[in-house]
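Here is a short report on one model. It covers salt bridges, strands, cores and a surface patch.

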Amino acid sequence: MVFQPIALFEVHKCRSFQRMDIKILKTFIVVADMLSFSKAAKKLNISQSSISKQIKSLEEEIGVSLLKRGPKEVALTPEGVLFRERSKEFAVKYNRVLQELKNVSTKSELFRLGLVSPLVTRIMNDLIDDYTVTPGIKLSVREYISTSDFVANLLNGNMDMALCYAPVNHPDLENKLIHHERIMVAVNEKSLLAKENVITAEDIRYTPVILHPRETAPELYDHFHMACAQKGFNPNVVMEVSSQLIRMEMVARGYGVSFVLGDQITLYYRGVVFKEIDNTALNEVPIVAAWHKNSSQVRLINDFVKTFEDILSIK
């Protein structure tokens with residue numbers, strides 16, 4: 001059988017991708033996620049100069065600039081944002097092929113994992129690095145929106161473990177708090193709020209809000225409204241938009257503020273800056289691992305819980 005090269009995506013006037021090394025792509029993903037050469041070097045256990053040379057070589061290879069380099073910080077260019085996402089997709093497919101080839105001759109134990117949508121791109125690269133090279137484990141990952149979807153699949157035996165937003169309330173399910181996901185406010189870079197170090201609940205009370213529809217992320221939607229209610233007000237939601245890219249565009253045009261998960265501030269949105277919220281109820285949402293009490297996969301569940309704790313603790 002002959003495998004044909006898989007193209008990441010087409011970039012106008014760029015050269016061939018045939019010489020590109022998968023390790024360089026993974027290096028770029030780490031730099032793009034952390035927006036720091038020094039932090040990426042520490043995580044990958046290689047020198048900062050080596051990483052800088054790899055990224056420079058990659059940019060020359062594809063013919064576009066992926067990073068905006070400043071004296072103290074690094075940001076993704078629009079091309080870098082696209083390349084980051086496509087590189088992650090390619091890494092997933094590449095490692096999946098490797099695992100499928102191993103499974104041809106090795107009988108694997110299937111582990112069915114469910115992830116809430118916003119966490120998928122955040123942890124999949126590290127998860128694949130850990131488990132697609134682990135003999136005897138065949139990992140099946142599905143993406144869901146609502147915690148109720150996870151509960152139903154855990155109860156009917158279609159899923160071994162879920163990583164989702166709290167709460168998970170059912171007498172037949174076990175769950176463990178894994179992480180508190182940070183929530184940031186996206187504000188127009190020319191607004192008065194952009195001058196503030198942190199955003200308060202009172203700021204949000206008197207500011208138009210652009211939110212996602214409830215059906216796209218029910219727990220996050222309810223969490224925000226409940227946190228506002230605890231502070232004694234109903235948010236002034238002027239728009240509900242499914243696409244985060246469009247929500248950021250509305251913020252850049254001055255229609256209001258919006259909210260993103262902390263890891264997504266590494267993406268570059270022109271005209272938008274991100275601010276922390278000083279209220280704990282508003283600035284974080286709990287992430288739990290959940291599984292059936294009578295699961296036969298206790299050993300793997302414990303391994304995955306530890307893996308998730310390690311991955312999310314360094315993000």
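A salt bridge here is a side-chain nitrogen of Lys or Arg within 4 Å of a carboxyl oxygen of Asp or Glu. By that rule, a search of the whole structure finds 11 salt bridges. The model is predicted.

## Salt bridges across the sequence

Aspartate 160 and arginine 112 form one of these pairs, with side chains meeting at 3.1 Å, N to O. Aspartate 160 sits in the loop between helix H6 (147-155) and E5, and arginine 112 in strand E3, so the pair ties together parts that are 48 residues apart in sequence. The cut-off for buried is under 20% relative accessible area. Aspartate 160, at 7% relative accessibility, therefore counts as buried. Arginine 112 has 27% and counts as partly exposed.

Arginine 182 pairs with glutamate 276 in another salt bridge, the closest N and O atoms being 3.6 Å apart. Here strand E6 supplies arginine 182 and strand E11 (residues 272-277) supplies glutamate 276, so parts that are 94 residues apart in sequence are tied together. Arginine 182 is partly exposed, at 36% relative accessibility. Glutamate 276 is also partly exposed, at 40%.

## A salt bridge within a helix, and a network

Where do aspartate 303 and arginine 299 lie? Both are in helix H11 (residues 298-313), four residues apart, about one turn of the helix. Aspartate 303 is partly exposed, with a relative accessible area of 34%. Arginine 299 reaches 52% relative accessibility and counts as exposed.

Other charged residues are joined in a network. Asp33, Arg84, Glu85 and Lys88 are linked by salt bridges that share partners.

Is strand E5 enclosed or open to the outside? Five of the five residues of E5 (residues 161-165) are buried, so the strand is largely enclosed by the rest of the structure.

E5 pairs with strand E3 (residues 109-116) through three bridges, and the two run parallel. In this pairing, leucine 115 stands opposite leucine 163 of E5. E5 also pairs with strand E12 (residues 284-292), through four bridges, and these two run antiparallel. Alanine 162 has alanine 290 of E12 as its bridge partner. Tyrosine 165 has isoleucine 287 of E12.

## Strand E12

How many residues of E12 are buried? Seven of the nine are, so E12 is largely enclosed by the rest of the structure.

E12 is also joined to strand E6 (residues 173-188). Nine bridges link E6 and E12, which run antiparallel. One of the facing pairs is leucine 177 with valine 288 of E12.

## Nonpolar cores

In soluble globular proteins, nonpolar side chains tend to be buried together. In this model, the largest nonpolar core has 51 residues. Met161, Ile204, Phe224, Phe259, Leu282 and Phe308 have the most contacts inside it. E12 gives the most to this core, with six residues.

Isoleucine 204 shows what such contacts look like. Not counting residues up to four places away in sequence, isoleucine 204 touches Ile199, Val209, Phe224, Phe233, Phe259, Ile277 and Leu282. Another core lies apart from the largest one, with 23 residues, among them Val30, Val31, Ala32 and Leu35.

## A nonpolar surface patch

Tyr94, Val97, Leu98 and Leu101 make a nonpolar surface patch of about 310 Å². Leucine 98 belongs to helix H4 (residues 78-105). At 34% relative accessibility, leucine 98 counts as partly exposed.

## Glycine 271

Glycine 271 lies in the loop between strand E10 (258-261) and E11. Is glycine 271 buried or exposed? At 13% relative accessibility, glycine 271 counts as buried.

Glycine 271 is 83 residues from asparagine 188 in sequence, but 6.0 Å away in space, C-alpha to C-alpha. Leaving aside neighbours within four places in sequence, glycine 271 is in contact with Val187, Asn188, Glu189 and Ala252.

Note on methods: Residues numbered from 1 in each chain as written. Predicted model: local features only at pLDDT ≥ 70, side-chain atom pairs only at ≥ 80, totals over all residues. Heavy atoms only, no water. Buried < 20%, exposed > 50% of the residue type's maximum accessible area, 1.4 Å probe, protein only. Pairing = 2+ DSSP bridges. Core = buried A, V, L, I, M, F, W, Y, C linked by side-chain atoms within 4.5 Å. Contact = heavy atoms within 4.5 Å. Patch = residues over 30% accessible without salt bridge, like charges linked within 9 Å, V, L, I, M, F, W, Y side chains within 5 Å. Areas by Shrake-Rupley, 256 points an atom, 1.4 Å probe, with all protein chains shown as cover.
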